[in-house]
Amino acid sequence: MTELEALLMQRSLTDPELLEAASKASDFRILPNASVIKIGGQSLFDRGRAAIYPLVDEIIEARKQHKMLIGTGAGTRARHLYSIAADLDLPAGFLSQLGSSVASQNAEMLGQLLAQHGISTVSEAGLSTVPLFLAEVNAVIFSGMPPYKLWMRPAAEGVIPPYRTDAGCFLMAEQFGCKSMIYVKDENGLYTDNPKTASNPTFIPKISVDEMKSLGLHDSILEFPVLDLLKQAKHVRQVQVVNGLVPGNLTRALAGEHVGTIITADQEA
């Protein structure tokens, strides 16, 4: 019997010695050659054909050289549902189910656009087929909303689910041990202020989680919990945010180019 096995049999699962032994165990990367791409709901899907069709063409071309797990955001329709459900005093877990339904709708629409190329949509139990799709066509689509549903952890304030599609896609990348996590938004990346409303915000090409928090930018481009998930991750230690409305940005990011903003778990020396 190994030391870890002995501890698991004898101690509480929150025992410090057990947790330390478990942290030293080897960790297997399931899909180390694949990238997770999150396509924003409000950023891209809500813009319709003009935004999605060029991105579809880019995905079709990129899959010749890259393996991609493509997650979808929810967008404005989910926000509308959240406003109604919150006004009815419904809990975060119910709002999570509503948001999940919209992200799934976007996944299904993207799946239909890519169906003739053999790129399919999977969900929940179907995620076990992801390696097969990647081996055959180098791409697969999933809803970015994590499946917490009624088990969603409530936010510190309000009832908006704190873990939404940004977090769901990151968790997919981390659990599969993927090589990169790319967020496709409608901005060039992170700025010192909201570029949609501020007059002269400064673009930030690279920043750490701690620096973002110290500057008060922790909830400016990604869902706040993603930053904490990034700090705690073993495999995915940085994420990249690119403007999907600019043709070629996704392809460049997949190739490892520094386009957009890179957010790192640790501050560089």
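1. A residue is called buried here when its relative accessible area is under 20%, exposed when that area is over 50%, and partly exposed in between, as computed with a 1.4 Å probe on protein chains only. By this criterion Ala51, Ile52, Leu55, Val56, Glu58, Ile59, Ile60 and Ala62 are buried in helix H3.

2. The model is a predicted one, in which local features need pLDDT of at least 70 and side-chain atom pairs count only at pLDDT 80 or more, while totals for chains, interfaces and linings use all residues. Residues are numbered from 1 along each chain as its sequence is written, and side-chain values use heavy atoms, with hydrogens and water left out.

3. Helix H3 covers residues 49-62, where helices are DSSP runs of H or I with at least four residues and strands are runs of E with at least two, both numbered from the N terminus. The 14 residues of H3 reach 19 Å from the first C-alpha to the last, which is close to the 20 Å expected at 1.5 Å a residue, the expected span being 1.5 Å times one less than the number of residues. The cover over the buried residues of H3 includes strands S1 (34-39), S2 (67-72) and S5 (180-185), together with helices H5 (92-114) and H10 (249-254), contact being taken as heavy atoms within 4.5 Å.

4. Helix H1 (residues 3-10) packs with helix H2 (residues 16-23) at an angle of about 145 degrees, the axes lying 9 Å apart; axes are lines fitted to C-alpha atoms over the stretch in contact, and angles run from 0 to 180 degrees between N-to-C directions. Glu3, Leu4, Leu7 and Leu8 of H1 meet Glu17, Leu18, Ala21 and Ala22 of H2.

5. The whole structure holds 14 salt bridges, each defined as a side-chain nitrogen of Lys or Arg within 4 Å of a carboxyl oxygen of Asp or Glu. One of them joins Arg11 to Glu17 at 3.1 Å, N to O, and here Arg11 is partly exposed at 33% relative accessibility, as is Glu17 at 38%. Another joins Glu20 to Lys24, with the closest N and O atoms 3.3 Å apart; Glu20 is partly exposed at 44%, whereas Lys24 is exposed at 64%.

6. The salt bridge between Glu187 and Lys196 spans 2.7 Å, N to O, and pairs a buried Glu187, with a relative accessible area of 18%, with an exposed Lys196, at 51%. Both residues belong to a network of salt bridges that also links Arg47 and Asp186.
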